[in-house]
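This report describes the fold of a protein chain and then turns to selected strands and residues. The sequence and the structure are shown first.

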Amino acid sequence: MKKALLFIFTLLFSASYVFAQSTVTGIIKGANGVPVPKATILIRGTKITTIADDQGVFSISTKQEPPFYLQVSSVGYKPQDFQVLKFQETPLEFTLVENADLDEIVVTSRRRSEVLQDVPIAITVIGGQAAENAGAFNVNRLKELVPSVQLYASNARNTTLNIRGLGSTFGLTNDGIDPGVGFYVDGVYQARPAATSTDFLDIERIEVLRGPQGTLFGKNTTAGAFNITTTKPSVVPTAKAEFSVGNYNFIQAKASVSGAIAKNLAAKLSLSGTQRDGTITNVTEERKYSGQNNLGLKGQLYYTSSERLQILLSGDASFQHPAGYPLVVAGITPTERSAYRQYAKIISDLGYQQPKVDPFSRQIYTNTPWKQNQSIGGVSVNIDYKIGNGTLTSTTAWRFWNWDPTNDRDFTEFSALTKSQGNSRHDQYSQEVRYAGNIAEKVSGVIGVFALAQNLKGLSQTEEVGKDQWRFVQTSASGTQAGYSTPGLLDGYGIKTNSTIKSLSAAIFAQADWEFAEHLHILPGLRFTYDKKNVDYDRTTYGGLQTSDAALLVLKTAVYANQKFNTSTDNENLSGNVTVSYRPTTRLNVYGTFSTAYKPVGVNVGGLPTTATGEADLSLAVVKPEYVQHYEIGAKTKPVKGAILNITAFQTDIKDYQTNVQSPQLGVNRGYLANAEKVIVKGLEIDGTYQLGRFLSLNAAVAYLDGKYDKFTNAPLPLEETGHTELVNNVATQVAFKDASGGRLPGISKWNTSGGAEVSIHGKVGTRDGRFFIAGDISYRSEYSSNPTPSKVLNVEGYTLLNARFGFKSDKISIFGWSRNIGNTKYFEQLQAAAGNSGLYAGVLGDPRTFGATLRFAF
């Protein structure tokens, strides 16, 4: 009997011991040490889950042996995985970090992980989830959240991405110029501005750095940088999906799945698709334009053999086949040409009615289909290896871009400039190697080398005029000009251009952070850059009336002429910066910066203006580099708990500013590059955030920008002054240029503001714990010039956009409704003169009111 009782007690004790050892207990706390109630705890790879109580205490039983992962999540906090290595009797303690814990946002803008407020650089950080919630699924929409960012695009190729009004030429793109805003995704520089048009794929955060950053990044960044980080694959199985629908038949779907495929090897696949009907109707074709048709995918392999070595292999591709992005007729202005050459007279002589000027009817009447097909993507390998107190990083990448457009560049139903096709193919190869970390007890920094090779080809780029073009170029009805009325003279007359730009950019860069005295940091940086560009340009005419009449051939040549040239140019530059930062407390960081920067030499591949003899003006084939001097002071503060207030003042002086000018000559209708002697941009930026627990979050930012040509003595005439004459030796002589010194730079609003708020309360949907929320954001941009030379007519009026969303969110599922441009504000994003400067100008319309709903869930 005693043996039996002993056996029973032993069995019960063993059973209780096994049960105790298969139960994990613990407490969930926030970063401030306060318990997080109702957090969800899941054993990865199983369906076993539990909910913590109001004091954050939990207990969960498992049938598996350690090691295993517990995923802990709660609304308002970042989901985190904690590894359980062994069973223990004492409760475990897990700490969650709030999604909007603004005091502790970590960035990698200086190529190492740091708390945002400690970095002496003007930076705006937007989390991937926050961007998605605001409907900012690409950079064009992101600009509404960052006042200092300007992005203007008439299509993916013709994209201007600027920070503080600087970076790229405004308006029509010329492939021969480098952007001044670096665009990086997972450390890979993306050279073509079209990369900004693709949909974000599984973004973790977006860092927008303002001001020159050439001593931190491989490529020249004279105006700032976008540093985008995507979420890495995880060995712990994860999956999430999102589905949105809206008006204009908007459909967007996103999905991502990640998990282990071998020991220490994780994989992730992300997909995104967006489709929307057009918002502009071509009455002639009975077809909608300006829609969306995007598909993107990204695959990654992440190998972590140890804490010292991580290897990330990434491949991505995006395909866009929208029904074009047409411009609408925005207005017609008189020019200073003769009455015979005014737009209304031209149209009347052709026997047409005047074009309809009602841009916000969102109707066009063009007779050439609009098409903007592009594919863009690449492959990269990123290797991080910890050495000493730092990390050695190697980033190797290849990227491609294919562009196949069709545009109607007279913007009307008339057969004037009927076709413009800038077909392009681009390949880039880049290699960056850098070391970043702590060099000594009070010295940290980064040192690196970078090389970028590009091959950009223009393939049979076509421009073609139609049967009505003769009247647009005819200067009078008498004399030799009367020959333009010869039937069929210009019908189907055009040019085909094949061009190649081969470029190489190489750099060595370094920056240190030395705590010179207690709380006082000195940050010197240095950069040496070498750039080389080789250009081959070959343009030939075709079509039109086939004739041997010398007088008619001269007339045709005045419209389009053969051009062929090649050139090679290279240059070197040494630039640098020095920053002094004083951080007496964790609540204050005051800094001042002086830096020099440089944007490489440019080349013209859009057609050159001709000399008096009709030859290409080769003096304009090469454009001088930009040289930048930048001054900045700033303060980053935490005035009260939960609040951040940052202030920055700056001035940027640029010598030989590279600008894109529009020529009245049809053969260079895409514009050409030139240098303005000097520009100055100065401004003040204030941004702040406030968070009251999980109930309320506020953010606001304002940027004042003043950008002017300090000296631009040879600026092109604005549209309304085309044909202007001046007395030269007492003879009325037509001029093509003017002194624009003191005029404002294009694309810069003096006042740019944005703000947002979100209120949420705890609630349940069924048995699902979460938070009900309502949120909104507003942005305003004041009036700005939309022409390289200040114009009286090509100015975009200021506008305000209001967006809102409301719904329910939890750690596993969220559903909310949203609306963008609630007030249905009618506004232009850009205005530009039609080719030939005859008086008509067109505009890029902003989106009308859109609304819809989004369902998001995770597994």
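The secondary structure of the protein chain, taken from a predicted model, amounts to six helices and 53 strands. The radius of gyration is 30 Å, close to the 29 Å that the globule rule gives for 859 residues, so the chain is as compact as a globular protein of that length. Along the principal axes, the C-alpha atoms occupy a box of roughly 130 × 60 × 45 Å.

Burial and contacts can be stated for the chain as a whole. Of its 859 residues, 56% count as buried. The exposed surface comes to about 35200 Å², of which carbon and sulfur atoms supply 59%. When contacts between residues at least 6 apart in sequence are considered, 69% of them join residues at least 24 apart.

The domain assignment divides the protein chain into domain 1 (22-96), domain 2 (106-230) and domain 3 (238-858). The centres of domain 1 and domain 2, taken over C-alpha atoms, are separated by 37 Å.

**Strand pairing**

Strand S5 (residues 68-73) is mostly covered, with five of its six residues buried. Strand S2 (residues 40-43) pairs with S5 in the antiparallel sense over four bridges, and Leu70 of S5 is the bridge partner of Ile43. S5 also pairs in the antiparallel sense with strand S6 (residues 80-84), here over five bridges. In that pairing, Val72 stands opposite Gln80 in S6.

A further group of three strands forms an open sheet in the order S21-S20-S25, with mixed pairing. Its edge strands are S21 (287-289) and S25, each of which pairs on one side only. Strand S20 (residues 280-282) and S25 run parallel and are joined by two bridges; Asn282 has Ile364 in S25 as its bridge partner. The table lists three of the pairings described.

| Strand pair | Sense | Bridges | Bridge partners |
|---|---|---|---|
| S2 and S5 | antiparallel | four | Ile43 and Leu70 |
| S20 and S25 | parallel | two | Asn282 and Ile364 |

**Thr368**

Thr368 is placed in the loop between strand S25 (363-364) and strand S26 (371-387). Is Thr368 buried or exposed? Its relative accessibility is 9%, and therefore Thr368 counts as buried, the cut-off for burial being under 20%. Leaving aside neighbours within four places in sequence, Thr368 is in contact with Thr406, Asn407, Asp408 and Thr418. With Thr418 there is a polar approach: a polar atom of the Thr368 side chain lies 2.6 Å from the backbone oxygen of Thr418.

**Asp513**

Asp513 is found in strand S31 (residues 494-517). With a relative accessible area of 6%, Asp513 is buried. Which residues is Asp513 in contact with, leaving aside its neighbours within four places in sequence? They are Arg110, Arg112, Lys442, Val443, Ser444, Gly445, His521, Ile522, Leu523 and Arg583. For His521 a polar contact is found, in which the side chain of Asp513 meets the side chain of His521 at 2.8 Å. Asn247, by comparison, lies 51 Å from Asp513 in space, C-alpha to C-alpha, and the two residues are 266 residues apart in sequence.

How values were computed
Residues are numbered from 1 along each chain as its sequence is written. This is a predicted model: local features need pLDDT of at least 70, side-chain atom pairs count only at pLDDT 80 or more; totals for chains, interfaces and linings use all residues. Side-chain values use heavy atoms; hydrogens and water are left out. Domain bounds come from an automatic or database domain assignment. Buried means under 20% relative accessible area, exposed over 50%, partly exposed in between (1.4 Å probe, protein chains only). Contact means heavy atoms within 4.5 Å. A polar contact is a pair of N or O atoms within 3.5 Å; within protein, one must be able to donate a hydrogen and the other to accept it, and residues adjacent in sequence count only if both atoms are side-chain atoms. Two strands pair if DSSP finds at least two bridges between them. The radius of gyration is taken over C-alpha atoms; the globule rule is 2.2 Å times the number of residues to the power 0.38. Accessible areas come from the Shrake-Rupley method with a 1.4 Å probe; for residues, only the protein chains shown count as cover.
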